[in-house]
Amino acid sequence: MTSPVMHIGLDDTDSTKGGCTTYLAALLIESLGAFRVSFLDYPNLIRLNPNVPWKTRGNGALCLRFIYDSGFEEQIKDTAITLWEEQSAVNEKGTDPGIVFLQTQYVPEELILFAKKAETRIVKLEDALTLIKKFKAEALGFNTCRGIIGALAAVGETLNGDHTYELIAYRQHQNLGTKRRVDAESIFEMDKTLQPLTFNNVDYDKGRVIITPRGPDPILFGIRGETPQVVKEAYQLVKPLEHVERWVIFRSNQGTDAHLKPATSLSSLEPYSSVIAKGIVSQNPRIIPLRHVIFSIRDDTAEVDCAAYEPTGDLRKIARELIVGDTVEVYGAVHKATPKKPLTINLEKIKILNLATKTLFENPLCPNCGKRLKSMGKNQGLRCEGCGGKFPDLKKKELSAPRAIKPGLYVTSTRSQRHLTKPLRRYGLEKRQYESLPMIGDWHSSFP
Ligand code: ATP
């Protein structure tokens, strides 16, 4: 007889004032040690639709998957529920914790589809509850219970396709809320040594470290990479200047573009989703206050605006160079139309497929003396200021001007990438499927 398998999904326990659902997962992993569970996978850190209006920060949810001894089933559940209650900021507005237990060898296909939907669109709590009933899962929630959506989606996202890893190091309680102390130079060094196998460590444009979050949460830093080994190696190269209380390696959909769905046409774009949409530039870029760049694209069905905001860095510079007639594929979040703004795609990436010819008009040289001719007014021909010659039949010459941009893929600056955005560094490193290799010896540790 095969041993039973349990999946525990967790979400929405933190608030803007503190806490972190990954930290709850780290504590739970340690507590489950008492029941001699055997983990089937690294804890899964699943990023869901980044456009849900009610997210606290990065819309992350967690799932732990393990084999257990059925004699401990109730104790395992009680331990998880007690910790989840203790770590949830239930009195904070907008914190709606959820926990889901599913006992099954294989995650049902319908749950996998639910997870994909939760990564790309808005899903309903009723739909989550229907699936929970259908598959005899168990769920608990506080307040609006909305966290059950994310907790179930984390259970359903088995990360069988492309995936990455993140080693998260946590701070000691007494340091929470203070400035994070990590040696920046060691992070730059680590990035250089281990690139391209770790990513989004630093923003070279601004010379800034981006593995340390800001805010009161317990994360000291998180290192993202392609394998559990490489994030652990990276951890050994980074020098923390404050005590690390514990660390854990997570497996994740971060950096995989899991949130982007190809759109069949521009008229089919849904607000709150993230899309890949193709079109022809129909209105030249305009710069709006604070240096944002907006241009429009159209296809046979509709016209939409595309916005490259100031923090997108080089992407904004690329967007500024587009002209009417260029064919592009745009990647980003769809924002609904308002009385002031049409439907807008907030750009994360632009793929330039084809550049239109940019034409320039230039007055020809004087056939008599070689000086550049001047216009005599609309439809009145040209004259020469050098020799005084008049040429009523000569016209401006049409030239093709060089373009400052080339076809290719352009990605928003590292600092403005969403957790799910696949950075340029990962192109070519994508994994087709998950090979369930034995987990590395030490994938979590604590130093109380
Ligand atoms: P974290 O801080 O852990 O990165 P977050 O705090 O930004 O994540 P949550 O506090 O978990 O996000 O809030 C997101 C809420 O939205 C959760 O209650 C979750 O269940 C819900 N949710 C997530 N994805 C969807 C979706 N696609 N449709 C509807 N609700 C969703």
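Modeller: Please keep in mind that this is a predicted model. To begin with the helices, α1 passes α2 in a right-handed crossing.

Biologist: And at what angle do the axes of α1 and α2 cross?

Modeller: The axis of helix α1, which covers residues 21-32, comes within 10 Å of the axis of helix α2, residues 73-87, and the two cross at roughly 150°. Angles over 145 degrees count as roughly antiparallel, and α1 and α2 are therefore roughly antiparallel to each other.

Biologist: OK, on to the ligand. Which residues come nearest?

Modeller: There are 22 residues around the ligand, and of these Asp-11, Asp-12, Thr-56, Arg-57 and Arg-121 come nearest.

Biologist: Which side chains have a polar atom lying 2.7 Å or 3.0 Å from a ligand oxygen?

Modeller: Thr-56 has a polar side-chain atom 2.7 Å from an oxygen atom of the ligand, while for Arg-47 the corresponding distance to a ligand oxygen is 3.0 Å. In the side chain of Asp-14, an N or O atom lies 2.9 Å from an oxygen atom of the ligand.

Biologist: How much of the ligand does the protein bury?

Modeller: The ligand exposes 640 Å² when taken alone, and 98% of that area is buried by the protein.

Biologist: What's the shell made of, by class?

Modeller: The shell around the ligand has eight charged residues, together with seven polar and seven nonpolar ones.

Biologist: And which helix gives the most to that shell?

Modeller: That is helix α5, spanning residues 147-156, which contributes three residues to the shell around the ligand.

Conventions
Residues numbered from 1 in each chain as written. Predicted model: local features only at pLDDT ≥ 70, side-chain atom pairs only at ≥ 80, totals over all residues. Heavy atoms only, no water. Near = heavy atom within 4 Å. Polar contact = N/O pair within 3.5 Å; in protein donor to acceptor, adjacent residues only side chain to side chain. Areas by Shrake-Rupley, 256 points an atom, 1.4 Å probe, with all protein chains shown as cover. Helix = DSSP H or I, 4+ residues; strand = E, 2+ residues; numbered from the N terminus. Nonpolar A, V, L, I, M, F, W, Y, C, P; charged D, E, K, R; others polar. Axes fitted to C-alpha atoms, helices over the stretch in contact; angles between N-to-C directions. Parallel < 35°, antiparallel > 145°, perpendicular 65-115°, else oblique. Left-handed = near helix turned anticlockwise from the far one by under 90°.
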